[in-house]
Amino acid sequence: MTVVGIIPARAGSKRLPGKALLPLAGRPLLAHTCAAAVESGVLAAVYVNTDCPRIAAAGQAAGVGCPVLRPAALAADDTPTRDSNLFLLDVLTRRGERYDAVMVLQPTSPLRTAEDIRAAWTLFREHTPCEVYSVSPVAPQSWLGLVKSDGGFERWQGAQTVFRLNGAVYIHPWAHYVEGRPATPVAYVMPATRGVDIDTRDDLALAEFLLAGGPTWGPAAREAQPDHEIGFVRSS
């Protein structure tokens, strides 16, 4: 079974301009995802999907090529990531490349590791046909709730942990992704410290702190997470 990795990174980020190329721990943000993808060893091919020559060049410098720049019409604020990825998959198909699965690795998740990619791919292979989504824990249900229109707080009931999609890894069967068909969702659970999603300057500062914060929060700790923090949850 083969999988192609796609790293979508358009130039026009408004909340954090130039996000893909902003420095993080001495490297462009994009480079962290490129490095994890290459190091994982499970991707038959991996490509940057961008509209920007500078982003394409940064990907190339980090070991990941960009076969074609996507058109401006597929790089707007409201362009679904899947639409821009379908453009790249069509280019790959026309040049004779076809894979069993598509793995989307957003560059805004720089703390995702090569081991996360390998583990998520293992889940996909064990439960295919499925879709794998990476998630991180938020809090027990009873800690969360809704603020009502009158300002009151309605607390949720239950003791189970609530998880959020963290954007680090998405894996889909090729045919399902191209045709827009759903598959059974499976969750790859990552620690919150590796699930940081960069959307603001504060997020970037947090990622910098986690990368440089020493043995408690730094790279060594990220590699030494207990086994029970990696698993899967299958929906009913």
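Begin by selecting Ser 84, which lies in helix α3 (residues 81–94), helices here being DSSP runs of H or I with at least four residues and strands runs of E with at least two, numbered from the N terminus. This is a predicted model, in which local features need pLDDT of at least 70, side-chain atom pairs count only at pLDDT 80 or more, and totals for chains, interfaces and linings use all residues. Residues are numbered from 1 along each chain as its sequence is written, and side-chain values use heavy atoms, with hydrogens and water left out.

Ser 84 counts as buried because its relative accessibility is 2%, where buried means under 20% relative accessible area, exposed over 50% and partly exposed in between (1.4 Å probe, protein chains only). Leaving aside residues up to four places away in sequence, Ser 84 touches Asn 49, Arg 70 and Leu 74, a contact being heavy atoms within 4.5 Å.

Next, select helix α4 (residues 114–127), whose buried residues include Trp 121, Phe 124 and His 127.

Then move to strand β6 (residues 130–140), which pairs in the parallel sense with strand β10 (residues 184–189) over six bridges; two strands pair if DSSP finds at least two bridges between them. Within this pairing, Cys 130 has Thr 184 as its bridge partner. Strand β9 (residues 161–173) runs antiparallel to β6 and is joined to β6 by seven bridges, with Arg 164 of β9 opposite Ser 136.
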